[in-house]
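Here is a short note for a colleague opening this model for the first time. Please read the points in order, with the structure at hand.

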Amino acid sequence: MSGVMKRMGMIFRAKANKALDRAEDPRETLDYSYQKQLELLQKVRRGVADVATSRKRLELQLNQLQNQSTKLEDQGRKALALGREDLAREALSRRAALQQQVTDLETQHQTLQGEEEKLTLAAQRLQAKVDAFRTKKETIKATYTAAQAQTRIGEAFSGISEEMGDVGMAIQRAEDKTAQLQARAGAIDELLASGALDDQSGLAKDDIQSELDRLSGGTDVELELQRMKAELAGGSPQQAIEGGTGQSQSQSQPQDTPRFDKQ
């Protein structure tokens, strides 16, 4: 059972892979990869901007602390000049605490500045990579489109494409059907001419019937001609017809009747 399941799983994966391969368009895949690279580049640039903002904020804090430290130093000097050593000591103590904060902020500032430089360099390298990928992408897309068009033209000329194959099959079917109808029509004509196939409409006649009709038509014409001659001669039509018939019979008898000489 496990072997059957493994085989079914392999068949399913093979068919799914074939379907995906048929549906995949390399141009769409390249455009999608380029879009993802642009999104990554945008994130890197956003990170560079965030680090630069933090660095700028630390610089403002450092300026404020340095101004306060200078102010406390001036106040301590004035207090000492006025004989207020206690105030001068307090001012100097506060200035020392501010100096410690300034030192910490400067350390953070240097760290952020180093991160900003790294991110800026990475963004520049990524930008160059994205530009190179875009150029390569457009080149591959143009080459793929040209190859696809050339393949379709070749298939159209050779007739192996699906569209041209359908057209070729339609033409072949039409030619076969036409040849079949022509053969059937020729066979029917031959059968009608030979009399093997009776014409139910009574219009078609064989050769013998046509000859008999022609002879009958000729006799009718001769009889009509004799009748008209009799009418012109003043005789009756029946006598003219009988006379014509007898004359035709006498003419049909042979002329070589033997004669006997009297001795």
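Helices are DSSP runs of H or I with at least four residues, and strands are runs of E with at least two, numbered from the N terminus. K141 has its place in helix 3.

1. **Ground rules.** This is a predicted model, in which local features need pLDDT of at least 70, side-chain atom pairs count only at pLDDT 80 or more, and totals for chains, interfaces and linings use all residues. Residues are numbered from 1 along each chain as its sequence is written, and side-chain values use heavy atoms, with hydrogens and water left out.

2. **Confidence.** pLDDT is the predictor's confidence in each residue, from 0 to 100. The chain has a mean pLDDT of 76. Of its residues, 69% reach 70 or more. Helix 2 has the highest confidence, at a mean of 88. Helix 6 (residues 237–252) has the lowest, at 49.

3. **A stretch to treat with care.** Over residues 245–263, pLDDT stays under 50. Contact means heavy atoms within 4.5 Å. For this stretch the model has 1 contact beyond four places in sequence. Where pLDDT is low, the predicted coordinates should not be read in detail.

4. **The aromatic pair.** Rings of Phe, Tyr and Trp (its six-membered ring) pair if their centres lie within 6.5 Å; planes under 30 degrees apart count as stacked, over 60 as edge-to-face and the rest as tilted. The structure holds 1 such pair. Y34 and F133 form it, stacked, with 6.4 Å from centre to centre and 15 degrees between the planes. The pair links distant parts of the chain: Y34 is in helix 2 (residues 26–81) and F133 in helix 3 (residues 85–158), 99 residues apart.

5. **Around Y34.** Is Y34 buried or exposed? Buried means under 20% relative accessible area, exposed over 50%, and partly exposed in between (1.4 Å probe, protein chains only). Y34 counts as buried because its relative accessibility is 14%. A charge sits over a ring if NZ of Lys or CZ of Arg is within 6 Å of the ring centre and within 35 degrees of the ring normal. K137 lies over the face of Y34, at 5.0 Å from the ring centre.

6. **K141 and D31.** A salt bridge is a side-chain nitrogen of Lys or Arg within 4 Å of a carboxyl oxygen of Asp or Glu. The structure holds 15 of them. One joins D31 and K141, with the closest N and O atoms 3.2 Å apart. This pair also links distant parts of the chain, D31 in helix 2 and K141 in helix 3, 110 residues apart. K141 counts as buried, because its relative accessibility is 18%. D31 is partly exposed, at 31%. Leaving aside neighbours within four places in sequence, K141 is in contact with R27, L30 and D31.

7. **Two further salt bridges.** R95 pairs with E73, the closest N and O atoms being 3.4 Å apart. R95 is in helix 3 and E73 in helix 2, 22 residues apart. R95 counts as partly exposed at 25% relative accessibility, and E73 does so at 27%. R134 and D131 meet at 3.9 Å, N to O. They sit 3 residues apart in helix 3, so about one helical turn separates them. R134 is partly exposed, with a relative accessible area of 37%. D131 counts as partly exposed at 28%.

8. **A network.** Salt bridges that share partners join D31, K137, E138 and K141 into one network.
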